[in-house]
Amino acid sequence: SSGAELSLGTLDTNAYTGSVTYTPVTQQGYWQVTMGSANVGGSAKVSNRQAIIDTGTTLIYSSSADGKAFYAGFPSYYPLSSFGYSGYDGYYAIPCSGSTAISLSRSYCHRTFGIG
């Protein structure tokens, strides 16, 4: 319903503008790539990490320290335990109604998307 789409093996040139940037896989078995930074609201919160591109999940996994640094960039975030979930220490949610920009970048590449 959001209009999001994943194309494998072809590019739909009607679905994007600009150029395509290819990033090498750094570990076989996963779509693992080198990520320059994870940015919240235009500010780098986590830098120089390996990242796995997974189109089948809504989660972002990280170390506890990286997670705290990333979520601290949002005006509000909530531990999943505040929604009645138990056994999910270290898991957080951000409001869907927000408009804080998140971007993942590499030294020569910068992609931005909004939440909400």
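Reader: Which side chains meet in a salt bridge here?

Author: In this predicted model, the side chains of R49 and D66 form a salt bridge, with 2.7 Å from N to O. Because R49 belongs to strand β2 and D66 to helix α1, the pair ties together parts that lie 17 residues apart in sequence.

Reader: How many salt bridges does a search of the whole structure find?

Author: The search finds one.

Reader: And D66, does that count as buried or exposed?

Author: D66 counts as buried, because its relative accessibility is 14% and the cut-off for buried is under 20%. R49, at 33% relative accessibility, counts as partly exposed.

Reader: Which other residues of α1 are buried?

Author: Helix α1, residues 64-71, also buries G67, F70 and Y71. Seen down the helix axis, the buried residues of α1 fall within an arc of 120°, so they line one face. The face turned away from that buried side carries the exposed residues S64, A65 and K68.

Reader: What covers the buried residues of α1?

Author: The cover includes β1 (32-40), β2 (43-52), β4 (92-93) and β5 (101-106).

Reader: Switching topic, which residues make up the largest nonpolar core?

Author: That core has nine residues, namely M35, A38, V40, V46, A51, F70, Y71, F74 and I102. At least two of the core residues come from each of β1, β2 and α1, and β1 gives the most, with three.

Reader: Which residues form the nonpolar patch on the surface?

Author: The patch is formed by L59, Y61, Y78, F83, Y85, Y88 and Y91, which together have about 760 Å² of accessible area. One of them, F83, is found in the loop between β3 (78-79) and β4.

Definitions and conventions: Residues are numbered from 1 along each chain as its sequence is written. This is a predicted model: local features need pLDDT of at least 70, side-chain atom pairs count only at pLDDT 80 or more; totals for chains, interfaces and linings use all residues. Side-chain values use heavy atoms; hydrogens and water are left out. Buried means under 20% relative accessible area, exposed over 50%, partly exposed in between (1.4 Å probe, protein chains only). Helices (H or I, at least four residues) and strands (E, at least two) are DSSP runs, numbered from the N terminus. The arc is that of the directions from the helix axis to the C-beta atoms. Contact means heavy atoms within 4.5 Å. A nonpolar core is a set of buried Ala, Val, Leu, Ile, Met, Phe, Trp, Tyr and Cys residues joined through side-chain atoms within 4.5 Å. Patches are made of residues with over 30% relative accessible area and no salt bridge: like charges are joined within 9 Å, nonpolar side chains (Val, Leu, Ile, Met, Phe, Trp, Tyr) within 5 Å. Accessible areas come from the Shrake-Rupley method with a 1.4 Å probe; for residues, only the protein chains shown count as cover. A salt bridge is a side-chain nitrogen of Lys or Arg within 4 Å of a carboxyl oxygen of Asp or Glu.
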